[in-house]
Amino acid sequence: MMELLPSTWYILISALFLSVSSSVLGSILFHKKQALIGDVITHAVLPGVCIAFLVFREKNMFWFLVGGSSTAMLATYIVQYLHRKKVLSEDILLASTLSIFFGIGVLFLSYIQQLPWGNQSGIDRFIFGQASTLSLLDAQVIAIISAAILTLFILGFRAVKIWVFDIQFAGTLNFPFKIVEALFIVFLCLLVMTGLQSVGIVLMSAMFVLPPSIAHFWKRSFTGGIIVAGLVSFVASAFGIMLSLLVPHIPTGPAIVLSLFGVLIVSLLLGKYNSLYSKLKAKKRHQDKIDEEHVLKSLYKLIESIKTETVDIFALHKATRMSFSRIEKICKKLEKRKLIKFSNNKIQLTPAGKAASKRIVRLHRLWELYLSEYLQLPEDHLHESAEDIEHYITPEVEAHLLTIMNFPKKDPHQKDIP
């Protein structure tokens, strides 16, 4: 069994703090629909880092924090100021600011690489990340800043929820949301800077975007989404860091982001909400409901026409044009719900089944009458439209239709409306 070095343990612990805190701030950005703000900040720190390195000629975490945070906050202020002045739309401002600041940073980086003492600087590691270069002091800084952000978030959780979901209500309470917004930007900048060596500048934005996006497929609540995002982010971070430590020449940032991307693909396919699987399942459930209502409606019409309480499955097959296996499967479901009695290919509606089938027929014939009287549709166009709409008419719409048509007794075909 492989034993982890002490240095590996504090790298993993710092990754835990960084992943959870970035998931918290990323979830706020996600719910405020401002994910690109995180992207702007992560790209805007590069000029500040390069300037700090040029001034002090050493990789000093404190001066990198000062320089990177300064340019990041400057970029954010420019975006917010120009957005308030309505100079350009927000997405154009975000994309332009991101590109300009990152372009300036790349120019500085190229200049540094051409200096006699710059090619050994290792500044490029701050773009893609390399966790193996973390010192104990770096890990402690990451843990302290991340823990401070998490502590403040927990203490101000209720205020944060008001600011995120109902800023107008916060305004009526004289809530200092501008101060909260400014503090949030500061925390974003600090967190980006703390994640430079482990994840990298370019890919830190993915730490803000991907975990909340993954959580969106599994949890609906704000709190539950943050918990899932933090868990997913930590597991992916741990996997990426271990891969970076064990396999030479693999940068940490891309390894972590590829891990998150893999989880995102799985969530997109199999997640509880909005995934391909959940949508297919919901579509099938909806189609089953339509088919069941179609069978109940056909049973009512057959009983109405042949004046008997029992219907043969073959007559139902002819009326519904469904396969025998499909009808049998639906009948077993309806029998389980105690809407019909089904045995020896004979079907009989129970009292509950009669009420359900009567309502579906009523909705169908009401809608036909509405189309005929109010929209003046020809008689041969009524049935197909009513077949589609009858499954979506709510009790409120049904009551409104009955009222405006003065509780009609006959449909356009002169059949009784039950």
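The model is predicted, and local features are reported only at pLDDT of at least 70, side-chain atom pairs only at pLDDT 80 or more, while totals for chains, interfaces and linings use all residues. Residues are numbered from 1 along each chain as its sequence is written, and side-chain values use heavy atoms, with hydrogens and water left out.

The secondary structure of the protein comprises 18 helices and 3 strands, where helices (H or I, at least four residues) and strands (E, at least two) are DSSP runs numbered from the N terminus. The radius of gyration, taken over C-alpha atoms, is 32 Å, whereas a compact globule of 418 residues would have a value near 22 Å by the rule of 2.2 Å times the number of residues to the power 0.38. Along the principal axes, the C-alpha atoms fill a box of roughly 100 × 60 × 40 Å. Of the 418 residues, 46% are buried, a term that stands for under 20% relative accessible area, with exposed meaning over 50% and partly exposed the range in between (1.4 Å probe, protein chains only). The protein exposes about 22200 Å², of which carbon and sulfur atoms supply 65%; these areas come from the Shrake-Rupley method with a 1.4 Å probe. Among contacts (heavy atoms within 4.5 Å) with a separation of 6 or more, 72% are between residues 24 or more positions apart.

Charged side chains number 42 positive and 30 negative, and the centres of the two sets lie 4 Å apart. In this count Lys and Arg are positive and Asp and Glu negative, with His and the chain ends not counted, and the place of a charge is taken as NZ of Lys, CZ of Arg, CG of Asp or CD of Glu. A salt bridge is defined as a side-chain nitrogen of Lys or Arg within 4 Å of a carboxyl oxygen of Asp or Glu, and by this rule the count comes to 16.

Several of these pairs involve helix α13. Asp288 and Arg326 meet in a salt bridge with an N to O distance of 2.7 Å; this pair links distant parts of the chain, with Asp288 in helix α13 (residues 276-306) and Arg326 in helix α15 (residues 324-336), 38 residues apart. Asp288 counts as buried, at 10% relative accessibility. In another salt bridge, the closest N and O atoms of Glu390 and Lys297 are 2.9 Å apart. Since Glu390 lies in the loop between α17 (382-389) and α18 while Lys297 lies in helix α13, the pair ties together parts that are 93 residues apart in sequence. Both Glu390 and Lys297 are buried. The side chains of Glu304 and Arg365 also form a salt bridge, at 2.9 Å from N to O, and this pair links helix α13, which holds Glu304, with helix α16 (residues 351-374), which holds Arg365, across 61 residues. Glu304 is partly exposed, with a relative accessible area of 26%, whereas Arg365 is buried, with a value of 2%.

Lys32, placed in the loop between α1 (6-31) and α2 (35-56), is buried yet has no salt bridge, and the nearest side chain of opposite charge, that of Glu181, is 5.5 Å away. Apart from residues up to four places away in sequence, Lys32 touches Trp163 and Val164.

Trp63, in helix α3 (residues 61-84), has a relative accessibility of 31% and counts as partly exposed. Beyond its neighbours within four places in sequence, Trp63 is in contact with Ala52 and Phe56, while Ser99, 36 residues away in sequence, is 24 Å away in space, C-alpha to C-alpha. Lys346, in strand β3 (residues 346-349), counts as partly exposed at 40% relative accessibility. Leaving aside neighbours within four places, Lys346 is in contact with Thr310, Val311, Asp312 and Lys341, whereas Lys346 and Arg220, 126 residues apart in sequence, are 45 Å apart between C-alpha atoms.
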